[in-house]
Amino acid sequence: MISDKLRDQTNRFAKEIQALLNCTIASHVQIKAVALPTRGDDRLFALGHLLDKSTMAAQRFQLRPRAPRAELWMDVSFQLQLDAEREHLMVKQSFFGVFGAKAAKHGLFHYDYERNKADGYPDAHLQVYGTSELFTTLNDPRVDTGRSLAQVHFPVGGKRFRPCLEDVIEFLIVERLVEARENYEKVLEAGRETFRRNQLMAAMRRDRATVEAFVERYGTHDRAPA
C-alpha cells in the first residue's frame, strides 16, 4: 500500500502547484496526482494538469500571450517519491515547457530535470528551440550531422540549485510574453522562498560535515556572513 506520508505530501504539493499557476499566469489549471505502477519500496506519484490515469500523460494548459492573435500553451509535470529516509518528498523528474499549440512537438523552450540521469547529460538542463549559424558550423560532421540547437542540453544548477517553476513563470512575465495576474510577485516570492529553503535543508542533510564546520566556526547564535 502506498504510504500515507507520500500520498499526503504529494497531494499537498499538487495543491501548491495548482495555486501557483492559477494565481500568476493561468486559469482553471487542475493538477492531478496519480500513483505510478512500481515495484518494491520506490513508490512514485505523477503530477500534471488533468493527468490521464490510463496514459499517465499530463495535458497542456493555455496561457494568455501579450501579443495579439498569438497562442501559447504550457506543459508542467512532476514525478515524486520519498527520499532515502522515507521522510521528505523528493522530485525524481520534472518538466516545464512552453509551446505554440496544444499538440505542438516544438515550442519555445523546456526545462528538464531527471535525478541521476543515465545518458551523460546534466540532470537539470534547458533546451531552447532556436537556430544558430555558429552552432551549425561547430557540429562534428562525423557524429553530429544535422544536430539542431534544440538538442543541446544547457546545464542549469544541478539537483540542488536548478530553477524552480516560479523562476520559469517570472521569466515569461518579465520578458513580456504572457499576461500576469495582479500581485503575482508576492505569490512567486513566497513559493520560491519555500523551494530554496527546502533545497538548503536537503543539502544540509546530505552534507553534515559542512553543517558542523559552519556551526563550529560561526556558532549557533552569531550572525552568519552574507
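A residue is called buried when its relative accessible area is under 20%. Keep that cut-off in mind as you explore this predicted model. In helix 5, the buried residues are Tyr 184, Leu 188, Gly 191, Arg 192, Phe 195, Gln 199 and Ala 202.

**Helix 5**

- Helix 5 covers residues 184–206, and its 23 residues should span 33 Å at 1.5 Å a residue.
- What do the buried residues of helix 5 pack against? Their partners are helix 1 (4–22), helix 3 (158–161) and helix 4 (165–174).

**Strand 5 and its neighbours**

- Strand 5 takes in residues 89–99 and is mostly covered, with 8 of its 11 residues buried.
- On one side of the pairing story is strand 4 (residues 73–82), which runs antiparallel to strand 5 and is joined to it by 10 bridges.
- Within this pairing, Ser 94 of strand 5 stands opposite Phe 78.
- The hairpin of strand 4 and strand 5 has 6 residues between the strands, and there Arg 86 takes a positive phi near 55°.
- Strand 5 also pairs with strand 6 (residues 107–114): 7 bridges join them, and they too run antiparallel.
- If you look for the bridge partner of Gly 97, you will find His 110 in strand 6.
- A handy rule when you look at strands is that side chains in a regular strand alternate between the two faces of the sheet.

**Aromatic rings**

- Searching the whole structure turns up 6 aromatic pairs.
- One of them joins Phe 13 and Phe 78 edge-to-face, with 5.1 Å from centre to centre and 90° between the planes.
- Because Phe 13 lies in helix 1 and Phe 78 in strand 4, this pair ties together parts that are 65 residues apart in sequence.
- Is Phe 78 buried or exposed? Its relative accessibility is 8%, so Phe 78 counts as buried.
- The rings of Phe 109 and Tyr 111 have centres 5.7 Å apart and planes at 85°, so this pair is edge-to-face.
- Phe 109 has 5% relative accessibility and therefore counts as buried.
- Phe 13, Phe 78 and Phe 96 together form one aromatic cluster.

**Charges over rings**

- Arg 60 lies over the face of Phe 99, 3.6 Å from the ring centre.
- Arg 162 has its charged end over the ring of Tyr 113, at 4.0 Å from the centre of that ring.

Key. Residues are numbered from 1 along each chain as its sequence is written. This is a predicted model: local features need pLDDT of at least 70, side-chain atom pairs count only at pLDDT 80 or more; totals for chains, interfaces and linings use all residues. Side-chain values use heavy atoms; hydrogens and water are left out. Buried means under 20% relative accessible area, exposed over 50%, partly exposed in between (1.4 Å probe, protein chains only). Helices (H or I, at least four residues) and strands (E, at least two) are DSSP runs, numbered from the N terminus. Two strands pair if DSSP finds at least two bridges between them. The expected span of a helix is 1.5 Å times one less than its number of residues. Contact means heavy atoms within 4.5 Å. Rings of Phe, Tyr and Trp (its six-membered ring) pair if their centres lie within 6.5 Å; planes under 30 degrees apart count as stacked, over 60 as edge-to-face and the rest as tilted. A charge sits over a ring if NZ of Lys or CZ of Arg is within 6 Å of the ring centre and within 35 degrees of the ring normal.
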